[in-house]
Amino acid sequence: MPNKLFKHIPNAGLIFFFVLLTSFFCLFANNFSTSMNAENILAGYSFIAIIALGQMFPITARGIDLSTGSIVALAGMVIYDCMLIFELSGWVSIGLGILAATLAGALNGILIVRFNLQPFVATLATLAGYRGLVYAISGRQLYPELATTPLRDPAVKALNEFYDIGSWTGLDQFFQTPWIPVSFFVLLGVMIALFVLLTLSPYGTALKATGGNYEAARLAGLPVRTITISAYAMSGLLAGIGAVLLVSRLTTSTESLGIGMELTAIAAAVIGGTRLQGGKGNVLGPVLGAFLLGIILVGLTLMGISQFVQQMLTGGILLAAVGYDSFRTRKQA
Amino acid sequence: MKSMIRNNIGDLGLPIAMVVLCAIFTVAEPAFLSLDNLNGILRQVALTGIMAIFMTFVIMTGGIDLSIGPVMALAGLAAYAVYFGTELPVGFALAFGLLAGAAVGAINGFAIAVLRLPPIIMTLGMLSIVRGFALLMGGPDLHQIRDEPVYTFLGNGRVLGLPVSVWVFLVLTAVMLWVQKRTSFGLMVSAIGDNARAVHLSGRSVAKTVCLVYIFCGVGAAIAGMLLSSQVHTASATYGEFGTELDVIAAVVLGGASLMGGKGSVLRTFFGVLLLGVINNGLNIMNVPVDQQLMVKGVIIVAALALSEWAQRAKT
Amino acid sequence: MSNELLLETIEVSKRFGEFVALKSANIEVRAGKVLGFVGSNGAGKSTLIRVITGAHAPSSGTVKVRGKVVEKADPALMRSLGIACIYQHSSLVSTLSVIDNIFLGRQIRNRFGLVNGKAQRKRLQEVMTQFEITVDPDEEVGRLTPVSQKEVEILKALVASADVILMDEPTAWLSLSEVKTLHATIRKLSAAGKGVVYISHVLDEVFEICNDITILRDGTMIWTGPEEDIDRPKLVNLMVGEALGEASRAAMTAERHPRGTGEVRLATKGLTKNGVFHDISFEAYAGEILCFAGLIGSRRSEVVKCLFGDDKPSSGEILSEGKAIRFKSPSAAIASGICLVPEDRHAEGLCLQHSTLENIVIPSLETLSQKSILNRQSMAEMCDRQIKGLNILPPDPHKVVGRMSGGNQQKVLLGKWIEKNPKVLILDEPTVGVDVGAKAEIYATIRKLRDTGTAVIVVSSDLEEVMTLADRILVFNKGRITSTFDGGEVDNDTLIQAIGGEEVA
């Protein structure tokens, strides 16, 4: 019976864990079940969920993107430079930042397809390359006096707003509702868009086919090389969107932005059920995975557990998720 | 002409690149060819080189180890903790550091060889776990190492004009070269990278060799970590920062090892290390900002691999 | 409608450089009929299939679909003309659902460019109803049984409006009842006017389902006609039988040693692997060459893998020198003196980037090294021994094996096992892709091994080879031993009959 349940509700197991852990922390962590904490988690992890969704694309295509953190920094620095040095309008800068990120992702894809490089090597190299590029174009280094100037553009401010949904819907009569940050709405929007893309449009099937059985996809006439490149471009695009939200939150961008973020993104995606051998991916999974990580890390902080332990746990959870994934695959084989 | 280049680039590419680059750098800055500078190059690459030598074996089996940076820090801390925290002599401290490295390697090896986790993910996860563990044990601070003759010798000592770290690098290169060519382990590593299934069907334990390969890699990182510690007179959980593993992999790749496993040799990695040192040094001399050198390294890795892929396709 | 000529090849030949893969093939695929292609590996079946599906252009001759000449060899074109092929290895994406697989690359879209799920389901339902095939459209393909997966591939072809459906070894992974299901489906296809080409080694099935049969050998069509006009012995004879070469005729009179010295080295009792092979019981004696004869697909290699510890049987016993034993891995089998020269020397036998010397020493590393240090002297001696003993060319111990000819590669493979002095040596298809000269040398080596007391088991689909070498013959059919003979006491025809599946006393 439990097996059937798991089959019909995607991510049923994940939702279960989610509920379990939330309850655990509500009981044992101080201030966990406050609306302020909920706001913190939403604001802090919505953008990670977006980046994790991005990572889902290359993984579904049987690859991986290790350069996500560097692409985030790249987008961030482009936005920073555009706003503070070139004094372009907020939305234009943001658009350019996202464009830069998408191109960086596409370049990853091109290196992999054109030069037949293994994904992890190509993105390892671009992890270095793009990070170097960030330093090279860094406005903070070129104009040190700007280093302490926060971004004040109205676009940035708009993205950093919180909305009191509680009072709009009247829910706040029952309990203290958290104010929902814009980044969460952006996340919802992204999720809807990706759902349409992956489930309703032919692209989703094409992507899963390319990752699941490259030869069969090719023989069926699918443009597998283009699809592969697009998967990495999507990873870049979503990293760019995530970067926009992160930069708005911080009101600045630094050269070390996003270091290690690829690990979190991969962990979230894998926990969310994206199989490493490719061919499978759904929209809810990485989001649940990201927030699951968020709940664990924030909860542990509130329980007073050192952030170093948290770093270990992130790695440990990733390995546990991968190990479980590998175990399940071998059982089926 | 094109086919001639294609067929021989595998063997001749590296020496040629070395000569060309040295020429360019010397023209840009004559000080490049000074004995002092060349000495400096060796000293700068020694630590990367030590790790690259062991990483070669990992890559030959078709794997990778991204966790070496934090292992460096962990080993340095472990040795420091034993030495300054107990009455045990320095030798024990160093041995403990090596043990720490071996332990991480063993965990990696077990997960990859027996549990069949993908090397990239496993070592990526361990990177985080080991770093967190090191920070937990030692905090983010720098722990001073003072008045310790063995450490001072390791860090600043010179034998016959060359720093100790360089000697360790050279000796280890020679030893691992011998291991590669003259031991059954060396043959196994190479054969597994070529056709692990055939090796398994020949009745040999692939898992054992793969495990060992990661243990060696961990030990190599431990050696480098302790040498680093002694050079800067501090132990810290923050050492071996991001970028370390890239240097090591770049050196191995430059030396011509294919990341698909099978081909690779300690000798070629040695030259790859030197080439990387030349590139790094040359860029420094030409005043390219340190942070942008990251970009260059990325380009180098891609270019080296693309070239070797091109040469490979010629042979098939 | 019925009997319409859907597809024709007229005098089609295909040459790859010097090598003639196909000579003057004349095929007719008619609506409502099932045509069987029969022939050994290398007979040209794959080439013919590739010409028909447009993957290869013929070197000469024409291909016609419904009477019209096909100008270009283009897979997409052939698909659009209604020619579909279901290959032996699944071309389905196991992580996708049935319906996604069926419409892969050809999804029905609505006016927004999105997938029109309803239209797809409707079309699929139409086809499923028409041909009475039922599959759950939303089930993940990876979770389906093998026969259901084949049906999905058939549905894929039908939805794409294929009129000619080729099936290459469709029953390779199916159980007997699943084969019946598949055949029922094929009959429905015929009844609906489709033309089916059934390529198979399993003669029972060919006789069961095909209306017409074409036999290929060495690239030539040597017989074609209605199924009623030929019987099994004649078919097998045409497929594999041929006047045996001089050397083998001479060897035929050679001394045979059935049951060798009488000492049983290896035996099995009721060895079974569910769905693969059943109730295998035999004894292998020291000083004897025991041949496992049969057609490809009779599951001999699978039995042998279990003997070597590379796979686990479901039930039954393996006895090594009288002691019941289960080998957990090849190294355990080797420790008991059982060695295997695998069928695929490239994928499973040799390290192609390494030298002769390195390949030969790998199984023997313990004896060649002290505390892991290699003893170069002994290694060189070992290599030299085998190079001389087997006449490996070039006689250079450092020659990279990947650059050697097939025959010499096989010798290196043999050499590495001979050095282990095995008590039982199993060779799986030892002379595939090996030139005549090397073949003779390998046979001589096998006989020498037998004469020095080794129990030799040779798995071979080559009739001539079996007749030449065997002291005793076990005939396998669909995973069972159906006949045994003493070498030298059976004639060609009887053996052919047995291999073809007839029970022979």
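Predicted model: local features only at pLDDT ≥ 70, side-chain atom pairs only at ≥ 80, totals over all residues.
Residues count from 1 along each chain as its sequence is written, with chains lettered from A and ligands numbered from 1 in the order written. Local features need pLDDT of at least 70 and side-chain atom pairs 80 or more, while totals for chains, interfaces and linings use all residues.

Visitor: What distance does helix α8 of chain B span between its end C-alpha atoms?
Guide: Helices here are DSSP runs (H or I, at least four residues), strands likewise (E, at least two), numbered from the N terminus. Helix α8(B) covers residues 184-201. A straight helix of 18 residues would span 26 Å, taking 1.5 Å times one less than the residue count. The span in α8(B) is only 17 Å.

Visitor: Where is the kink in α8(B) centred?
Guide: A bend is the angle between axes fitted to the seven residues ending at a residue and the seven starting there. In α8(B) the kink is about 120°.

Visitor: Which strands are the edges of the open sheet in chain C?
Guide: Six strands run in the order β16-β19-β20-β13-β21-β22, with mixed pairing. Pairing takes at least two DSSP bridges. Each edge strand pairs on one side only. The edges are β16 (338-341) and β22 (480-486).

Visitor: Which residue of β22(C) stands opposite C:Val475?
Guide: Strand β21(C), residues 472-477, pairs with β22(C) over six bridges. The sense is antiparallel. Opposite C:Val475 stands C:Ser483.
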